[in-house]
Amino acid sequence: MPLPAEERARLKRIAFEIRQQIVDVTAWSGGAHIGGALSMTDILTILYFKYLNIEPAQPDWPDRDRFVLSKGHGGVGHAVALAHRGYFPKEDLREFNATGSKLGMHLDSRKAVGVDVSTGSMGHGLSQAVGLALAARVLRKNWRTYCIVGDGESNEGSIWEAAMAAHHYKLANLTAFCDRNHMMIDGLTEEVMGLEPLAAKWTAFGWQVRSVNGHDFDELADAVEFALANADGPVMIIADTVKGKGVDFMENDPAWHYGGLGGELLAKARASLERMA
Amino acid sequence: MSTTEGGLTWTVYDADKLTQREIYGLVLTEMGERHPEIVGLSADLAKSTKIGTFGERFPERFFNFGIAEQNLFGVAAGMAKAGLVPFVSTFSSFASMRACEFLRTDVCYQNLNVKVIATHGGTSFGSAGATHHSTEDLSIVRAFANLTVIVPADGIETARAVRACMEIAGPVYIRIGRGFEPRVYDSEDYPFEIGQAVEMCPGTDLTVICCGPVVYHAVQAAKILREEQRVSVRVLNMHTIKPIDEAAILRAVADTRRIVTFEDHSVIGGLGTAVADVIAASGKGCAFEKAGIPDEFSMHGYPEDLMHHYKIDTDGILEKIGEVLGRDFEADEDWEDEV
């Protein structure tokens, strides 16, 4: 079912602002994993601004929903989303990557407010998300756990160890997204280490799978609603995305996995975002 | 034997019949009655590590993850983040190496309340060979910030360590054996504090610093030397490898001026290295040697044969002490002032 037009417009506006800020922080900080941050921005937006049951004023509220960014190098996108959601002042983003800063490339849960678990090394986040989902069961709590896995990250064997466990323990309170931007550092995922048929892999591991356009809020919302209604086990939402989404000279260029925006590039990137919004 | 009586402690009677692992399983089950936040996790080694005893009593708080140690430690981190206290059991070779980065980055980096009970430490899995020996684990995990590292001497000390680790708000690595290790203590009635060595024998001629199953042999060797040769050997059971008891080491330097370390572990990076660091930083002269598995992969064999081969049993300890007793060291006249 499509979202109400107002809500769709609101989410689009927030996603636009988050992308702008990701571009700014990339420029301020000397460089960031901007491509993968821009590809997952719409997923972060719909989670932080529609679905996550959270209280930014009480970041440690025990009954909050949990979010794990398994593709931890997307920290720049996560930090910007948290600032926009009110976990800390946007001015703090000026310190991103600075020596001694609370905010850096891979976010530290003991320093960055609102970050539920530290991630960065590939293939760790989904296991921690499984642990959070199991803990909710042990503690008899209703909070849910959401996780974004990278597609390149899905080369890691530990992702599939976690996938097996989530199915085995029938973790219906766990919803994962795969940010399927088709690229990793060395090139296209299918050239570096093929993942396809990816949906069939998750299905074979016992997950309910939904494949959606990761930049379409109606499709993303439908998939999350499916997960919320599903009581049988974990749900994987494979979100087809564009690496570098919104900045024309970055889109679908693996070279923009990580990069800086010095000189004229910042203005060019901002202008492109405006045009493509 | 009842496993559910409150305040149950372990005595010579129990320790002679039970392995370290069995005592661990029973103590954890007893603790589970009082601590609903404790959960048990294993990776297809619930039976082998005896954490299954806890699982039988608390099936809703026990989780087996199959043969998947990376996920095992990642899940433990997630559960700890939600306020639970996971006890994770697998063989020490897998905890320290297969799951190394998950222990380091998920558990230690986030300073989480995860207790690792790593069994089959050192060469205790004897005939399984080097794939299942764990002669590098102390070297590896000692380098992880936030982690407390304990190697109990016997089943009774295992009970003490497992209880005591609940008092630490952070990760703890307890390395125990496969079982069949001889008993060192008669009962739990002795001072056990994490981070404080236990003086098993007083002595003034030389100090043996050791941990784990070697402690029994060091005590036997000290007894033989005292009775047969009137040589006075101090034996320190350095059950906590990190944080190490620096004061006890410095006292040994000052009092005995000769120190030998013995461990069922590589001579690189474990107890001996930790002791050497303290001695070197003290600037004091001291004859010193570390004994353990040399820089090679350990061979197959019965555990007691391996301890003999690697000279960390009573015979080997006697031999090494004989060597170091005759060794010169650089005297330092202001010892007494500074220590």
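Predicted model: local features only at pLDDT ≥ 70, side-chain atom pairs only at ≥ 80, totals over all residues.
**Overall build, chain B**

I began with the element count: chain B has 15 helices and 12 strands. I then looked at the dimensions. The C-alpha atoms fill a box of roughly 60 × 40 × 40 Å along the principal axes. I compared the radius of gyration with the globule rule: a compact globule of 339 residues would have a value near 20 Å, and chain B has 19 Å, which agrees. For burial, I noted that 58% of the 339 residues of chain B count as buried. I also looked up the contacts in chain B with a separation of 6 or more; residues 24 or more positions apart account for 78% of them.

**Domains, chain B**

The domain assignment gives domain 1 as 12–175 and domain 2 as 198–329. I find their C-alpha centres 26 Å apart. Across the boundary, 24 residues of domain 1 are in contact with 26 residues of domain 2. I asked which elements of chain B give two or more residues to the side of domain 1 that touches domain 2. They are helix H8 (137–141), strand E5 (148–150) and helix H9 (155–164). The largest share of that side, three residues, comes from E5(B). I sorted the side of domain 1 that touches domain 2 by class and got nine nonpolar, 11 polar and four charged residues.

**Open sheet, chain B**

I traced an open sheet of five strands in the order E7-E9-E8-E11-E12, with mixed pairing. Strand E7 (198–201) and strand E12 (287–293) stand at the edges with a single partner strand each, so one side of each has no neighbour in the sheet. Neighbouring strands of this sheet are turned by 25° against each other on average, direction ignored.

I then followed the pairing of E7(B) with strand E9 (residues 233–237) of chain B, which is antiparallel over three bridges. In this pair I found B:Cys201 opposite B:Val235 in E9(B).

I noted two helices that pack on the sheet. Helix H10 (residues 214–229) of chain B touches E7, strand E8 (206–210), E9 and strand E11 (258–266), and its direction makes about 165° with that of E9(B). Helix H14 (residues 314–325) of chain B touches E8, E9, E11 and E12, and its direction makes about 145° with that of E11(B).

**One helix, chain A**

Among the buried residues of H3(A) I list A:Thr41, A:Asp42, A:Ile43 and A:Tyr48.

How values were computed
Residues numbered from 1 in each chain as written. Chains lettered and ligands numbered in written order. Pairing = 2+ DSSP bridges. Helix = DSSP H or I, 4+ residues; strand = E, 2+ residues; numbered from the N terminus. Axes fitted to C-alpha atoms, helices over the stretch in contact; angles between N-to-C directions. Contact = placed C-beta atoms within 7 Å. Buried ≥ 20, exposed ≤ 12 C-beta atoms within 10 Å, placed from the backbone. Rg over C-alpha atoms; globule rule 2.2 N^0.38 Å. Domains from an automatic or database assignment. Nonpolar A, V, L, I, M, F, W, Y, C, P; charged D, E, K, R; others polar.
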